[in-house]
Amino acid sequence: MSSSAQSSKSKARVSGSRLGRFFIKIAAFFAGLGLCGALLVTLALALAWPNLPDLSAMVDYRPRVPLRIYTADNVLIGEFGEERRNVLRFHEVPDVMKSAILAAEDDRFYQHGGIDYAGVVRAALANLTNMSKSQGASTITMQVARNFYLSSEKTYTRKFYELLLTFKIEATLSKDEILDLYMNQIYLGHRAYGFAAASRTYFGKLLRDITPAEAAMLAGIPKAPSRMNPIANFERARTRQLYVLGRMRNLGYLTQEEYEEAVNQPIVIKRGLGTPAGGYAIHGEYAAELARQLLYSVYQDNIYSRGFNVYTTIDSKKQEAAYKAVRDGVLAYTRRARFTGPEATISIPDGIENDAQALDNLLDDLQDEYPDNDDLLTGLVLSASPDKVVVARTSQQIVEITNESALRVIARGLVKNAEPDLRVQRGSVVYIRDAGDYWELINKPQVQAALISLRPDDGAIKAMVGGFHFQDGNFNRTTQAWRQPGSAFKPFIYAAGLERGLTPGTQISDEPFVLTAEQTGSKPWTPKNYGGNYEPMVTLREGLYRSKNMVSIRIMQAVGPQYVQDYVTRFGFDRERQPAVLPLALGAGSVTPLQLASAYGVFANGGYRVPPYLIDRVTDSEGNVIMQAKPVVAGDASARAIDERTVYVMNDLLRGVATRGTGARASAQLERTDLAGKTGTTNDSHDAWFAGYTPGLSTVAWLGFDQPRSLGSGETGGGLALPVWVDYMRVALDGVEHSPMPPMPSGLQVVDGDYFFSEFPPGQAVARVGLPLPSDRYLEGTVDGISNLLNELGLGQGSYAEPQGGAQPQPVPF
């Protein structure tokens with residue numbers, strides 16, 4: 001062999017040896033890497049497994065019984081607790097429901113050990129094919145692990161714990177037990193947890209009574225419970241239902257005949273009475289929340305798990321009427337107010353309306369940021385012109401707005417030169433509403449409203465609406481909003497005047513009233529009558545009927561601000577919020593709607609101060625009464641607040657206001673003669689009120705902005721709040737007989753059509769205020785005419801000094 005051949009062989013051996021050593025090193029590297037990985041996994045398992053949660057909550061599944069709030073007629077209006085479910089055991093769930101769940105979520109549930117590897121591969125291939133996450137691979141066991149113990153955050157750590165917990169659950173519980181937990185635990189939209197609760201929420205029936213078509217629709221909800229439930233989006237729920245039915249047929253759960261029957265069955269959405277389907281059977285959220293707060297002040301966090309049942313004084317019929325009246329009133333104002341433009345405007349791809357999936361995905365995202373507001377539904381404008389706006393609610397629900405009155409409301413946003421923030425155009429996010437015969441596009445209201453109604457005899461609250469939409473914030477304006485009552489406060493000034501010697505026939509100056517800076521000690525005060533109209537004189541009765549500011553001021557000036565401040569506390573008003581100054585005559589203090597309704601209740605119940613209450617009784621989970629209200633009742637002598645004669649005269653006056661005065665629309669529209677009340681409008685129309693009553697019901701309606709600003713020129717309590725009050729009372733008084741005036745109490749007499757107290761007979765009662773007497777003396781508040789008269793009658797020292805030697809009157813407190 002030649003030396004060159006030997007050299008070649010030697011080189012080959014060396015090269016092969018090097019190559020072998022290289023592969024050995026590579027193999028050793030990967031083996032080491034694998035070993036390290038195995039060690040890391042082992043270490044992770046060793047560290048994580050002991051930290052997995054105890055499964056006792058699953059093994060001994062005892063859901064906490066929540067706090068439930070009911071109306072007086074046993075309608076559920078609130079439920080508070082960590083778990084809100086109608087729990088069923090495995091054997092109580094119909095087979096058709098189990099089959100639908102398995103077909104929709106995990107058809108190999110009884111074959112795999114917690115992780116469906118075949119499903120993982122199938123989902124991965126589908127996602128790669130579609131270049132999107134179109135399928136998931138979570139099994140029922142994994143969903144149970146996540147729902148019971150883990151958060152919904154999308155992190156690798158959370159996913160790792162989910163896998164470990166899945167294995168632990170599978171090792172501890174049987175398949176039937178796992179499925180049982182899933183069927184009771186899963187969230188299914190509209191505050192319904194578990195399929196039993198969902199069946200009542202969406203179909204108004206027990207789970208045992210559902211059909212295959214209904215079972216398939218329920219089983220399709222877990223994929224996207226807020227967006228695929230039949231109330232939020234019936235079309236998408238229907239699409240998902242058909243998919244589930246197809247799976248049930250393919251898996252042998254349904255025959256072809258059963259499948260066709262289920263596909264053709266009409267689905268009727270019917271809320272079970274007292275179930276939280278997008279709310280409850282009635283809208284009592286504010287009352288329910290207040291009841292929760294009241295009970296929490298006694299039992300703290302224990303109220304959420306002890307199965308307490310709270311029975312309020314709320315009447316379900318009145319409550320729903322109040323809710324509707326408030327909504328209608330706010331929407332009516334919003335239509336009149338200046339259109340403020342769409343909620344937002346986004347860029348949308350050309351032709352997206354031709355891609356149903358893309359459009360629905362976009363609308364789903366918008367729903368998260370701009371959720372529906374009861375009957376105000378989120379939509380996306382596809383096109384807009386002065387005579388037609390096309391809005392997509394879903395890919396299957398395209399709404400055309402063509403009604404002339406509806407288009408007038410948004411006309412400022414449809415003109416060619418509309419301001420950018422007002423323009424309604426393709427891509428505008430808007431709210432639409434089905435008005436019955438047509439659709440309308442309307443701003444989400446910025447104004448707020450409240451209505452409170454109570455029974456005067458014992459203070460039981462019968463209806464409470466604390467705002468336009470509870471989910472926008474649970475600030476309860478009936479109890480928490482301190483607002484100026486305006487002219488709605490005047491009846492209490494007038495009542496004080498009656499008890500100090502004035503009569504309905506007292507003649508009072510209506511000339512402009514001025515206090516100089518020297519008199520006030522600060523700046524001049526020049527109040528005005530609404531509309532700027534003045535007369536030389538009107539009677540006290542006419543002054544109230546027509547809400548004359550000058551008359552109210554002069555009554556308070558004559559009686560004395562300090563006396564008025566003391567007097568109004570008898571009605572339950574806070575002294576510190578009703579300062580002893582003349583502007584109080586125009587309602588410049590602060591009240592809540594509940595305070596005002598309770599105060600008017602004193603006129604309604606014969607003159608008794610009866611504190612309002614909301615909770616009638618509380619029972620435990622066994623039905624035992626653990627708390628029972630003991631309200632003060634009108635007729636209790638210790639609760640007497642004002643003279644019964646004052647009550648009688650004020651009822652006569654306030655019935656006149658509701659018949660011939662600023663509140664005349666009340667009697668005209670309700671066709672009743674037993675209504676009494678008073679409108680109220682504050683400076684610059686910041687607040688609009690109507691407070692009124694019958695002997696059986698005292699009700700206050702209010703509208704305004706949370707951050708006080710003008711409601712608009714010409715907006716008044718009679719135009720804004722009174723319609724809300726009337727709409728509510730029309731329902732509340734349905735079937736209630738008219739109440740005549742009660743017998744006139746002793747110590748009160750009628751002379752020439754005017755009422756006189758026995759201690760203030762004709763000739764001694766105050767005949768004029770602010771007008772010249774024959775003796776050229778004045779009863780102008782700062783003069784001692786009333787003071788001397790009251791002293792002669794032994795009724796106390798007046799507040800004013802007699803001018804001496806032509807001296808100027810003493811300054812009035814301001």
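Y600 is buried, with a relative accessible area of 0%. The model described here is a predicted one. F603 also counts as buried, at 0% relative accessibility. Both residues belong to helix 22, where they sit three residues apart and are thus separated by about one helical turn. An α-helix has 3.6 residues a turn, so residues three or four places apart point the same way. The rings of Y600 and F603 form an edge-to-face aromatic pair. Their centres are 6.2 Å apart and their planes stand at 85 degrees. Y600 and F603 are also members of one aromatic cluster.

In total, the structure holds 22 aromatic pairs. One of them joins Y187 and Y193 in a tilted arrangement. Here the centres are 5.0 Å apart, with 45 degrees between the planes. Y187 is partly exposed, at 28% relative accessibility. Y193 is likewise partly exposed, with a relative accessible area of 25%.

Helix 22 spans residues 593–604 and packs against helix 23. The two axes lie 8 Å apart, at an angle of about 110 degrees. Helix 22 is therefore roughly perpendicular to helix 23, since angles of 65 to 115 degrees fall in that class. From helix 22, the contact draws on Y600, V602 and F603. From helix 23, V647, M650, N651 and L654 take part. By residue class, this contact has six nonpolar residues, one polar residue and no charged ones.

The loop between helix 22 and strand 14 (615–619) contains G606. G606 is partly exposed, with a relative accessible area of 24%. Beyond its neighbours within four places in sequence, G606 contacts R640, E644 and V647. V647 also belongs to the contact between helix 22 and helix 23. G606 and R640 are 34 residues apart along the chain, yet their C-alpha atoms are separated by 8.7 Å.

Five strands form an open sheet in the order 11-10-18-17-16, with antiparallel pairing. Strand 11 (461–465) and strand 16 (676–681) stand at the edges. Each has a single partner strand, so one side of each is left without a neighbour in the sheet. On average, neighbouring strands are turned by 5 degrees against each other, direction ignored.

The pairings can be followed along the sheet. Strand 10 (residues 448–454) and strand 11 run antiparallel and are joined by four bridges. Within this pairing, I461 of strand 11 is the bridge partner of L454. Strand 10 also runs antiparallel to strand 18, with seven bridges between them. L451 stands opposite A701 of strand 18. Strand 17 (residues 687–694) pairs with strand 18 over eight bridges, again in the antiparallel sense. T694 stands opposite L697 of strand 18. Strands 17 and 18 form a hairpin, with two residues between them.

Strand 18 covers residues 697–704. Eight of its eight residues are buried, so the strand is largely enclosed by the rest of the structure. L697, T699, A701 and L703 point one way from the strand. S698, V700, W702 and G704 point the other way. Residues on both sides are buried.

Helix 22 lies across strand 10, strand 11, strand 16, strand 17 and strand 18. Its direction runs at about 35 degrees to strand 17. Helix 23 (residues 644–660) packs on the sheet as well, touching strand 16 and strand 17. The direction of helix 23 makes about 65 degrees with that of strand 16.

Another covered element is helix 20, at residues 549–559. Of its 11 residues, 11 are buried. Among them are the nonpolar M550, V551, I553, I555, M556, A558 and V559. R554, which counts as charged, is buried too. Helix 20 is followed by G560, whose phi is positive, near 110 degrees.

Methods: Residues are numbered from 1 along each chain as its sequence is written. This is a predicted model: local features need pLDDT of at least 70, side-chain atom pairs count only at pLDDT 80 or more; totals for chains, interfaces and linings use all residues. Side-chain values use heavy atoms; hydrogens and water are left out. Buried means under 20% relative accessible area, exposed over 50%, partly exposed in between (1.4 Å probe, protein chains only). Two strands pair if DSSP finds at least two bridges between them. Axes are lines fitted to C-alpha atoms, for helices over the stretch in contact, and angles run from 0 to 180 degrees between N-to-C directions. Contact means heavy atoms within 4.5 Å. Angles under 35 degrees count as roughly parallel, over 145 as roughly antiparallel, 65 to 115 as roughly perpendicular and the rest as oblique. Rings of Phe, Tyr and Trp (its six-membered ring) pair if their centres lie within 6.5 Å; planes under 30 degrees apart count as stacked, over 60 as edge-to-face and the rest as tilted.
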